[in-house]
Amino acid sequence: MGQPVRKIVDLTHPLTTGMQIYPGDPEVQLAPAASLAEEGVVVHSLHLGSHSGTHLDAPSHSIAGGATVETIDLGRLFAPLHVVDVSGLALPGRRIHLADVDGQLSNVEPGAVVVFRTGWSEQFGEPGYLEHPFLDARIASHLLEAGVDVVGVDTLSPDRTDVSAASADLPFHDVFLGAGGVIIENLTGLDAVGALVQPWISALPLPFTGLDGSPVRAVAFSRDS
C-alpha cells in the first residue's frame, strides 16, 4: 500500500464570477441553471475560458500542432515539487534571469515540477497583478536540459504581460511549450509549501478534447516517512 498523505496545501485560486482574467480572455460567469424549488436539484451554468484562474497551458496554447490538454500524461502532473524562491527579486515588470536562480536549480531532479515563488499572487484581483515579474527564456531552456518539462508560476504568466501589444510575445512559452512542456499559471499559497517534507504536487486538468488548456486544482502535499 502507498504511504498516506499527511498534509495538503491548496495552491489554487477559487473560481468566481467576475474574477481577474488574462486581458481579452472570456469572462468567468457562474450562474444558476436549476433550483431545488423548481426542478428539485441545483445546477449551475459555467462560462469561462480554458485559461481561467489557476490553470494549465498545453503545448497547443501557443505552438501550432502542439499537444492538446487531454493527451498530457497525468503522471507528469503528479510529481515531486521543487520551489524556487524569487520573492526577493519580485519587482513590477522585472525580468528574472537564469543567473538569478541557477543556484536553486542545481539539485533539481528530472521529472520534478519546478515552480517559481514570487509572492505576486497576493495581488491577484488587483490592477498591479498584470505588472508581474517574468522569467527569461533561458530559464526555460535550462529546465528542459535538466529533465524538467512542467513549470509553474504564481503570476499571470512566466512571460511579460503587455496589455498594449497587438499580439502576445511569449518567448518562454515558445521554448518550453515548443519542446512539449507544460506550464501552470496563477498558482497561490506557495509560501506554505516550505512546511512540507519532500513536497509533491498534483495539478490535474479536465480532459477537454482538443483544447489548449484547462483550469486545475493544484495542491502540494507531503507523505509520512
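Hi everyone, let's start with Leu-15, which sits in the loop joining strand 1 (5-10) to strand 2 (29-34); helices (H or I, at least four residues) and strands (E, at least two) are DSSP runs, numbered from the N terminus. Please keep in mind that this is a predicted model, where local features need pLDDT of at least 70 and side-chain atom pairs count only at pLDDT 80 or more, while totals for chains, interfaces and linings use all residues. Residues are numbered from 1 along each chain as its sequence is written, and side-chain values use heavy atoms, leaving out hydrogens and water.

Leu-15 is partly exposed, with a relative accessible area of 37% (buried means under 20%, exposed over 50%, partly exposed in between, with a 1.4 Å probe and protein chains only).

In that loop between strand 1 and strand 2 we also find Met-19. Is Met-19 buried or exposed? Its relative accessibility is 6%, so Met-19 counts as buried. Its C-alpha atom is separated by 26 Å from that of Phe-221, 202 residues apart along the chain.

Now to the helices. The axes of helix 2 (residues 137-145) and helix 3 (residues 171-178) come within 8 Å and cross at roughly 15°, which means helix 2 is roughly parallel to helix 3 (angles under 35 degrees count as roughly parallel; axes are lines fitted to C-alpha atoms, over the stretch in contact, and angles run from 0 to 180 degrees between N-to-C directions).

Helix 2 also holds Ala-140, which counts as buried because its relative accessibility is 0%. From Ala-140 to Ser-87, 53 residues apart along the chain, the C-alpha separation is 19 Å.

Key: Angles under 35 degrees count as roughly parallel, over 145 as roughly antiparallel, 65 to 115 as roughly perpendicular and the rest as oblique.
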